[in-house]
Structures are given as structure tokens and as C-alpha cells.
2 protein chains.
Amino acid sequence: MSEAASSSLLVVGSVAFDTVETRAAKRVEVLGGAASYCAVAAGFLTPAPVRLVGVVGDDFPAEHTALLEQQRVDLAGLERVAGRTFRWSGIYSPDFMTRTTLDTQLNVFQDFRPKLPATWGASDYLFLANIDPTLQLSVLEQAARPKFVACDTMNFWISGKRPELVRLLKRVDLLLLNDEEARQLSGEANLPAAARAIRAMGPHAVVIKRGDAGALLFHEAGVFSAPAFPIENVVDPTGAGDSFAGGFMGWLARTGNTTPETIRTAMILGSVLASFCVEDFSLDRFRRLDLSEIRERFTAFADLVHFEKIKI
Amino acid sequence: MSEAASSSLLVVGSVAFDTVETRAAKRVEVLGGAASYCAVAAGFLTPAPVRLVGVVGDDFPAEHTALLEQQRVDLAGLERVAGRTFRWSGIYSPDFMTRTTLDTQLNVFQDFRPKLPATWGASDYLFLANIDPTLQLSVLEQAARPKFVACDTMNFWISGKRPELVRLLKRVDLLLLNDEEARQLSGEANLPAAARAIRAMGPHAVVIKRGDAGALLFHEAGVFSAPAFPIENVVDPTGAGDSFAGGFMGWLARTGNTTPETIRTAMILGSVLASFCVEDFSLDRFRRLDLSEIRERFTAFADLVHFEKIKI
């Protein structure tokens with residue numbers, strides 16, 4: 001088996017039409033969804049096209065399918081069913097501190113039951129984006145010995161499907177969530193304490209995303225702090241967390257290993273992809289992104305936290 | 001002039017009795033005040049004892065004077081006047097997210113007019129802790145060609161004494177403030193934009209403190225992100241920002257230079273001292289702190305943000 005074939009990344013989650021308003025502008029029914037952001041971000045790094053499992057309605061245009069494929073996303077697992085695609089609409093406060101959901105229409109996503117194409121069961125890296133933990137578990141049932149499984153979740157499942165989520169957590173290597181979700185899941189206000197409690201629930205590693213304050217990784221090798229890149233012209237933060245997951249998982253799939261050093265680097269590549277994501281609406285920044293820019297920003301991250309050793 | 005004599009640090013600000021309640025416990029009338037925290041933190045690093053300019057009442061006990069002197073603080077500029085020492089009282093929410101001031105009694109601090117002992121006018125490094133900008137300006141009038149001046153401020157002065165603050169900012173090298181204050185002063189919600197606006201008001205450098213999300217430095221050499229050290233058992237965050245300032249200024253005074261590299265290292269030493277400060281009430285953690293622990297935590301900070309260069 002070649003190196004590329006042994007480092008396949010599969011992403012399960014939503015593909016959606018987003019209507020978003022920020023201080024910069026408003027966009028109506030643009031391509032969004034956690035799986036779209038994650039897969040496209042990962043595709044910059046993975047050796048093979050990223051396998052996307054999701055569902056869209058018959059209103060999903062060929063233009064979007066073409067864009068995803070062009071961005072190295074394999075759509076063999078993207079089901080198309082009769083009905084309308086998942087729609088989400090939201091507005092950000094001018095300072096981007098709060099986001100208000102105006103409308104959520106699950107549409108075809110309501111009855112989504114992830115089905116992995118036969119050959120995809122052997123995928124090595126799995127990312128279970130934020131969906132019902134019962135569905136996340138069903139993906140694991142269809143997967144044969146993945147090397148590394150990461151998942152996301154949200155407040156809605158933490159309060160509404162806690163037993164299912166707890167069952168899922170026993171079977172994943174890494175949980176990615178934001179600071180509020182970490183506090184809610186663990187009952188601990190202090191983030192290192194929250195991470196300790198969550199790791200005791202199953203995942204060897206926990207990544208706590210803090211928006212423009214960066215992300216923290218807690219794992220067996222200690223703690224790692226990834227800064228957020230200071231972006232002066234934020235256009236739309238939608239998808240930043242999913243782009244982080246994409247950069248992160250994409251790097252694991254590329255290197256084919258999950259050593260503590262690799263996971264630290266994956267944190268930075270996650271931050272790099274997230275920092276590009278917020279510079280435009282939808283996947284627009286990714287459409288004009290190339291590897292040289294990723295390389296440059298990685299170097300800028302290294303500079304952002306660089307300081308010299310001292311003698312005291 | 002010897003190296004030590006050319007690197008003197010002078011700190012002006014409050015010395016107080018704090019009554020503090022946190023989830024850990026309650027402490028009544030313990031030693032506090034911005035100048036106390038800053039000077040004691042700096043004293044671990046400075047070549048000479050830190051010069052403190054402040055005022056206390058006749059209720060200030062010899063025990064506190066002895067403690068400060070033992071911690072390498074020179075009290076020749078600490079005025080003692082008839083009346084009661086400044087008192088502050090506050091309570092932190094269990095998650096340390098919010099702090100409520102219960103009582104403020106300015107007492108002798110109300111009429112504080114900083115007076116520098118004759119030989120202290122030639123101090124090289126000045127830190128003007130958070131006091132009325134008119135008083136901060138009066139210190140500059142008494143100082144002869146300092147190498148580097150940094151100041152702190154707060155919402156009260158930003159709204160109430162803006163013209164005086166603006167005048168002060170034209171004469172300082174660095175402004176240290178928290179994220180909310182940076183937004184208030186600049187009118188910009190985005191932190192890089194806020195820093196740009198503040199730098200246009202005078203200071204070459206701006207440090208934006210973000211509590212447990214670390215601190216950002218914006219200066220002519222770009223941006224530097226200092227993480228906060230993840231502390232699981234936070235006891236009392238009071239004085240963390242002032243301890244940061246102390247570690248920061250202490251390192252400048254120790255090295256005797258203010259190159260971009262030195263300022264980055266100063267950011268980390270500020271974070272190191274702040275991380276110790278929160279581990280106990282008042283100055284208690286500093287009383288049992290030694291240089292080897294500072295050295296160890298500096299190394300831990302380096303590890304916290306370390307990641308390897310990559311080839312993509």
C-alpha cells in the first residue's frame with residue numbers, strides 16, 4: 001500500500017447554504033457547512049483528495065460540486081436526495097464578539113444517515129464534524145480500524161444527547177471544542193481543569209478553541225498553546241473552527257503519524273487555515289489560496305511566538 | 001557609571017490594603033496596590049533594588065515595609081502621611097471571569113502628589129502604574145531623560161481624563177492596557193486595529209493584556225504573542241497585570257536595552273511573574289519564589305509554544 005493510500009482523510013458533516021451578515025457585507029445562500037470548510041482546508045495538505053460524507057438537496061448547484069472537486073474534495077460520499085439543502089442564517093455583531101442565528105432549516109439534513117462508500121471504511125484519519133453524536137457513532141461502526149479519530153460537538157448535543165456523546169468520547173482520540181463547550185461538558189470553569197476532566201472521559205487529547213485568543217492542546221505530552229494570527233480585516237469568522245480542524249487533520253494525514261511533535265505542528269496548520277478562512281466570506285479565500293501563502297503564514301506564526309533563550 | 005547604576009527602575013503607583021474574596025478563600029486587608037505588585041515582581045530581575053514612589057497612611061505596618069524591602073524594593077520614595085492607607089475590596093466570580101469592586105477608599109491616596117527623591121530623577125526605566133494621568137505627567141516632569149517610559153491606565157481615566165491621557169501618551173514609549181481599555185481608548189473593536197490607532201497617539205509600542213488568553217505586543221518590529229501559562233489552581237488574579245508589568249520592566253532594566261528581541265523576552269518574563277502572582281493571595285507567592293523557579297517557568301513557556309519548522 002502506498003504512503004498516500006495509507007493516509008486517507010475522511011470528513012463527515014454538514015454541507016449547507018449560509019446567509020451571513022457581518023460589518024463587512026451580507027452574503028445570501030453561499031456555500032458553507034462544517035464538512036465543506038474542513039474538507040477544503042484539509043485538501044491543501046492531504047496526499048489524496050479528502051473524502052467527504054454528507055448530504056445535499058436537489059437544489060445544490062453543479063457549480064458548488066465543481067468547486068469542491070477542484071479543491072481536492074472527493075464527493076463519492078456526498079448523497080444527493082430530493083428536497084432542499086440545509087440552510088443557516090446568522091448575523092455577527094460589529095465587533096464579532098457575538099453571533100446571532102436568525103434561521104436554521106435542517107431540510108434534507110434532518111434525515112441524514114451517514115453512509116460510507118464501501119472502500120472508504122478503511123480510511124485512516126476520520127474527522128466527525130459537529131452532528132448528532134448518534135450519527136458520529138454510526139460512522140465509527142462503518143469504519144475499520146482508523147489510525148486516528150477526532151470529533152467536534154456543540155452545546156446542543158452536550159445538553160441534549162449527553163449519554164450518546166459520552167459513549168462517543170470513549171472511542172475518539174481527540175475532541176475539538178470551544179471554551180464554552182469545554183466548560184459545559186466538564187462542569188469546570190478553569191480550562192486546564194476542564195481538559196483534564198474531558199480527557200478522563202476518553203479522548204487522549206483535547207483541543208480547546210478560543211477564537212481570536214488561539215487554541216490550547218492538552219494531551220499526554222503536556223500543553224501546547226497555538227496563537228491566533230492577528231487579522232486586522234476580519235470579513236467573516238464563519239467556518240474558522242472547521243477550517244482549523246481541516247488544517248489540523250490534513251497535516252496528520254499528510255505526515256501519516258500522530259506523534260506529539262506532529263500534533264503541535266497540526267495545531268499551527270489548523271490556525272493557519274483558520275486565519276485565511278476569516279479573510280473572506282464562504283470558501284472564497286480558499287479559492288484563491290495557494291501553498292506558498294500557507295508556507296508564508298506558517299513562518300509568520302513561528303515569528304509571532306518567537307523569543308530567545310535567556311540566562312538569568 | 002556602572003552598568004547597575006545605569007539601569008535603575010522606578011515605579012510610581014498605589015500601595016494598598018486589599019480585601020479579596022475568591023473561590024479559594026477570603027483575605028482581609030492584605031498588602032496590595034499596583035506599585036507593590038510591580039516593584040516586587042521586577043525586583044527578581046533588576047540589578048538594583050526597585051525604586052517605589054507612592055504613599056501610605058500611618059496605619060501601614062512595619063511588617064509590610066520590611067517585606068517590601070526584603071523583596072528588593074527601595075522605599076525612599078514611599079511617603080508616609082497622617083491618615084489611612086488606600087483600601088480596595090472586591091470579589092471574583094467562581095470562574096474568575098468577572099470581578100466586582102465592593103468598596104474603594106482612596107484615603108491618603110486621594111491627595112497623592114508623586115515626589116521623586118532628588119537622586120531618582122535620573123532613573124533610566126520608569127513605570128507609571130495606573131493613576132491619574134495628570135500625576136503620571138508630573139512624574140515625567142521630575143524625570144531627567146529616562147531611557148524608556150511605560151505606563152498603564154484604566155477605563156476611569158480614558159473616559160474622565162482623556163485630554164490629559166492623550167498628552168501623556170505623546171511622551172511614553174509603551175502603553176500597557178487590557179483589551180477592553182484598548183477598545184475604549186481607540187474606538188476600534190479589532191485589537192490589531194486598536195493597537196495601530198493607539199500607536200498613532202504616541203507610544204511606539206502597545207501591550208494588550210488579555211488575562212488568561214495572554215498578551216499581545218504591537219511595535220515597530222511587528223506583532224508578538226505571549227501565551228498565558230495554563231494554571232489549574234488559580235487562587236487570586238489580583239495584581240497579575242501589575243506583576244506582568246514588573247517582570248517586563250524588570251527585564252528591560254536588567255538587560256539595559258530595549259531592542260525588539262529584548263522586548264519580546266520581557267513579554268515572557270512579564271507572563272512568568274503574572275503566572276506566579278495568581279497562585280496565591282497578595283504577594284504571598286512572591287515571598288516564597290526564587291530565581292530557579294522563574295528560570296524553570298521561562299523554559300516551560302518556551303515549551304508551551306514550541307513547534308518544529310516544516311517542509312510543505
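This section describes the sheets, helix packing and aromatic pairing of a predicted model.

In chain A, nine strands form an open sheet with the order 5-4-1-8-9-10-11-12-13, and the pairing within this sheet is mixed.

At one end of the strand order, strand 12 (residues 215-219) and strand 13 (residues 222-226) of chain A run antiparallel and are joined by five bridges. In this pairing, A:A215 stands opposite A:A226 in strand 13 of chain A. Strands of a sheet pair through backbone hydrogen bonds, in either the parallel or the antiparallel sense.

Helix 3 (residues 133-142) of chain A also packs against helix 5 (residues 162-169) of chain A; the two axes come within 8 Å and cross at roughly 30°. Because angles under 35 degrees count as roughly parallel, helix 3 and helix 5 of chain A are described as roughly parallel to each other. Their crossing is left-handed. On the side of helix 3 of chain A, the contact is made by A:P133, A:T134, A:Q136, A:L137 and A:L140, which meet A:E164, A:L165, A:R167 and A:L168 in helix 5 of chain A. By class, five residues of this contact are nonpolar, two are polar and two are charged.

Chain B likewise contains an open sheet of nine strands in the order 5-4-1-8-9-10-11-12-13, with mixed pairing. Strand 5 (73-80) and strand 13 of chain B are the edge strands, each pairing on one side only. From one strand to the next, the twist averages 15°. Helix 8 (residues 240-255) of chain B packs on this sheet and touches strand 1 (9-12), strand 8 (125-128), strand 9 (148-152), strand 10, strand 11 and strand 12 (215-219) of chain B. The direction of helix 8 makes about 170° with that of strand 8 of chain B. Within the sheet, strand 10 (residues 174-178) and strand 11 (residues 205-209) of chain B pair in the parallel sense over five bridges, and B:N178 stands opposite B:K209 in strand 11 of chain B.

Helix 8 of chain B is also in contact with helix 1 (residues 34-43) of chain B, their axes coming within 7 Å and crossing at roughly 40°. This crossing is right-handed. The residues B:A34, B:Y37, B:C38, B:A41 and B:A42 in helix 1 of chain B meet B:D242, B:S243, B:A245, B:G246, B:G247 and B:G250 in helix 8 of chain B. The contact comprises six nonpolar residues, four polar residues and one charged residue.

A further helix pair in chain B is formed by helix 9 (residues 260-277) and helix 11 (residues 291-304), which pack at an angle of about 115° with their axes 10 Å apart. Helix 9 of chain B passes helix 11 of chain B in a right-handed crossing. From helix 9 of chain B, the residues B:T265, B:I268, B:L269, B:S271, B:V272, B:L273, B:S275 and B:F276 meet B:E293, B:I294, B:R297, B:F298 and B:F301 in helix 11 of chain B. Eight residues of this contact are nonpolar, three are polar and two are charged.

Over all chains, the count of aromatic pairs comes to 20. In one of them, the rings of A:F307 and B:F224 have their centres 6.3 Å apart and their planes at 85°, so the pair is edge-to-face. A:F307 lies in the segment after helix 11 (291-304) of chain A, whereas B:F224 belongs to strand 13 (residues 222-226) of chain B; the pair therefore joins two chains.

Definitions and conventions:
Residues are numbered from 1 along each chain as its sequence is written. Chains are lettered from A and ligands numbered from 1 in the order in which they are written. This is a predicted model: local features need pLDDT of at least 70, side-chain atom pairs count only at pLDDT 80 or more; totals for chains, interfaces and linings use all residues. Side-chain values use heavy atoms; hydrogens and water are left out. Axes are lines fitted to C-alpha atoms, for helices over the stretch in contact, and angles run from 0 to 180 degrees between N-to-C directions. Helices (H or I, at least four residues) and strands (E, at least two) are DSSP runs, numbered from the N terminus. Angles under 35 degrees count as roughly parallel, over 145 as roughly antiparallel, 65 to 115 as roughly perpendicular and the rest as oblique. A crossing is left-handed if the near helix is turned anticlockwise from the far one by less than a right angle, and right-handed if clockwise. Contact means heavy atoms within 4.5 Å. Ala, Val, Leu, Ile, Met, Phe, Trp, Tyr, Cys and Pro count as nonpolar, Asp, Glu, Lys and Arg as charged, and the others, Gly among them, as polar. Two strands pair if DSSP finds at least two bridges between them. Rings of Phe, Tyr and Trp (its six-membered ring) pair if their centres lie within 6.5 Å; planes under 30 degrees apart count as stacked, over 60 as edge-to-face and the rest as tilted.
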